[in-house]
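Visitor: Hi, I'm new to this one. Could you walk me through it?
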Amino acid sequence: MSTAVPTPVARPSGLDQAPYQLIAPDGRCDAARIDACAVPAAQLLALYRGMLRIRLMDERLLTMQRQGRISFYGEARGQEAAVVGTAAALGPEDYIVPALREAGAALYRGLPLAAYIAQIFGNDHDLTRGRQMPCHPGSRAARYVTMSSCIGTQLPHATGMAMAAQQLRDGHVIAGYMGDGATSEGDFHVALNFAGVFRAPVVFVCQNNQWAISTPVSQQTATPTMAEKALAYGLPAVRCDGNDVLACYVAMRALVARARRGEGPQFLEALTYRVSAHSSSDDPSRYRDESVTAVWREARCPLVRFRAFLLGRGLLSPEGDSALREELDAEVRAVITAEESVAPPPLRSLIEDVFALVPPHLVEQLAEVAAALPQKPAH
Amino acid sequence: MPVYNIIQAVNDALRLEMRKNPRVVVLGEDVGRFGGVFRATTGLQEEFGKDRVMDTPLAEAGIIGTAIGMALYGLRPVAEIQFADFIFPAFDQIVNELAKFRYRSGGEYPAPMVIRTPYGGGIRGGHYHSQSPEALFAHTAGLKVIIPSNPYDAKGLLLTALRDEDPVMFLEPKRVYRAARGEVPEGEYTIPFGQAKIVREGQGLTVLCYGAMLHVVMEALEKQGAAEFDPEVIDLRSLVPLDTETILESVRKTGRVVIVHEAQKTCGFGAELSALIAEKALLHLEAPIVRVCGLDTPFPYTLEMEYLPSPERITKAIADTARF
Ligand SMILES: Cc1ncc(C[n+]2csc(CCOP(=O)(O)OP(=O)(O)O)c2C)c(N)n1
Ligand SMILES: [Mg+2]
């Protein structure tokens, strides 16, 4: 019997597939599939090193925050695979337009650790001159755009940069990052819509860590995936296991290649979990079941998984791993020691970079401040 | 020398700079094929192609947000917001992103670009086709705010904006878009920012204004007899940077000030001008500073000419201040 009532259009079935994965949480894999990905051993080791470096750095800096030596810290713990795996798939001249957890991506592609730590202290070595709270790095040389704290605002910039790259025909791709929470902001939709219409060479990466401070992803959106939002704007989308660094790398590599070939914008949803607190100012035990967190923290840890994989393939030895940890930890400690004693930026920096040239009214305002500064005691 | 209106002058400036600098691109709603709802971008897409003159989806945050990305990447975007009243979806992008990019990045990521938008009342547009949001932008560190009142200035100031290293809010007084006509030299010329223009020299009092209000002030002088008080009329042209020297010099000479703007009075740009004069020239004043402004109400429709500063209101303010 036919009915006059319309049937709603069906949801694409691909959205219900399991996320793309190459290495199981215990490190096991299908060797033939891995070989087919053709990722050189040096690249595999670089991924591990990049992840381990930010893990050790985050641990050290969080401790320092607890000791009151820095004002704030936001970790990427548990998300190292999504950060490093995706960043590693970009070319050296591609740009990263980050959200709040991609510092490891900047470090991976060459932002000196000292520059990152200097930004956290807001000292005179900070490229961004002590103007933002910790965890807001940025560098032209690393092609890593200086983020703002505003959630989602960077996404239209990523699209615009990609439109410019397209216009200049320089062959570069832009990676625009976001969290799951950011997908609710208008800027997310605007960015994907413009990217789709102009076929801009941008790859959006959503690190779906399932939390936005205390808001679970189920309260963020009624759609079961973030990928389907991309489909709505005409972007091809891939969902991958965000705790499998190789899956992140291989998926991103494919999407970047498509964007670079002129196939338009792409979307990657990396499924992961925020195992840490939102930031040093947060206490997640007040709003979520931390026994679930413990599973992600331990059994699904991206570093444990990749380490097991590398050991299994004979690419890493337990001794080599210990030596690497020691090397990276020593580097982090040395840089922190060096940067902690660096002086703050000069007073004059307060009025610089508002405009290309310092205007007279700012000179006048600064003079008023300078005239009333408390005298520093003579040493 | 050709006689242009403001729209033609804007179009001329865009065309000249686009010919000269391949990095200049134009984007906005209906700016390409249609040439903009006020026709300011007429013919540009024909000459420069769809890559450089882009019709965008209907999303102001997207227009400004993507333009910022283009600027970060080295293009020189000119974003058109169809009416200033519709700029607010992009307000976050302008205030939190565009205005702060150079500062927050320590100079690593400057974002020089121009936002053009028609603003102001007197065209029977009601709430949402009439507002004057200049003070909101002047209040935001990192933006330059430019408002021409005539075709000559529109072209020269826009060419300066297109070559400036900072983000520029370029507010175009749509009430006089076509009515203000004048000789405009062919070819390039620039007018530096931060230089007010003394439109009429006088000894009696100082009248500070900009945009469409300049024309209303001149009508007060020419048709309502306000000229008898010998006012010095100053067209600010640039709110940020502000030509404090020209303003203060005039105030020191006349000792009396009337400020005219159509935006609402409270926290309008006139408040800033009044404070400046009080700080720097108080002892030269011989009368209270008077502001003739829009009312502190949403912009009305039927009674808009009562809301807006009129030649009569301005004449009365001038007479009262001169006689004080
Ligand atoms: C526009 C805006 N609103 C609110 C905040 C406060 N805030 C900072 S981070 C955050 C949650 C972000 O969640 P998500 O996008 O999932 O990123 P995650 O922290 O999980 O990496 C919120 C609400 C903000 N920074 N910006
Ligand atoms: Mg999240």
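Guide: Here is a short chat about the ligand, the metal ion and some backbone details.

Guide: This is a predicted model, where local features need pLDDT of at least 70, side-chain atom pairs count only at pLDDT 80 or more, and totals for chains, interfaces and linings use all residues. Residues are numbered from 1 along each chain as its sequence is written, chains are lettered from A and ligands numbered from 1 in the order in which they are written, and side-chain values use heavy atoms, with hydrogens and water left out.

Visitor: Which side chain has an N or O atom 2.8 Å from an oxygen atom of ligand 1?

Guide: That's Asn209(A). Gly181(A) uses a backbone N or O atom instead, 2.8 Å from a ligand 1 oxygen. For Ile151(A), a backbone N or O atom lies 3.1 Å from a nitrogen of ligand 1.

Visitor: Switching topic: what coordinates the magnesium ion (ligand 2)?

Guide: Asp180(A) through OD, Asn209(A) through OD1 and Trp211(A) through O, at 2.1 Å. Donors are N, O and S atoms within 2.8 Å of the metal (3.2 Å for Na, K and Ca), and water is not among the atoms, so sites may look incomplete.

Visitor: Why does the pair Asp180(A) and Trp211(A) tie together separate parts?

Guide: Asp180(A) is in the loop between strand S2 (174–179) and helix H7 (186–198) of chain A, while Trp211(A) is in strand S4 (residues 211–212) of chain A, so the pair joins parts 31 residues apart in sequence. Helices (H or I, at least four residues) and strands (E, at least two) are DSSP runs, numbered from the N terminus.

Visitor: Where is Gln210(A)?

Guide: In the loop between strand S3 (202–208) and S4 of chain A. Gln210(A) has a positive phi of about 70 degrees, although it is not a glycine.

Methods:
A polar contact is a pair of N or O atoms within 3.5 Å; within protein, one must be able to donate a hydrogen and the other to accept it, and residues adjacent in sequence count only if both atoms are side-chain atoms.
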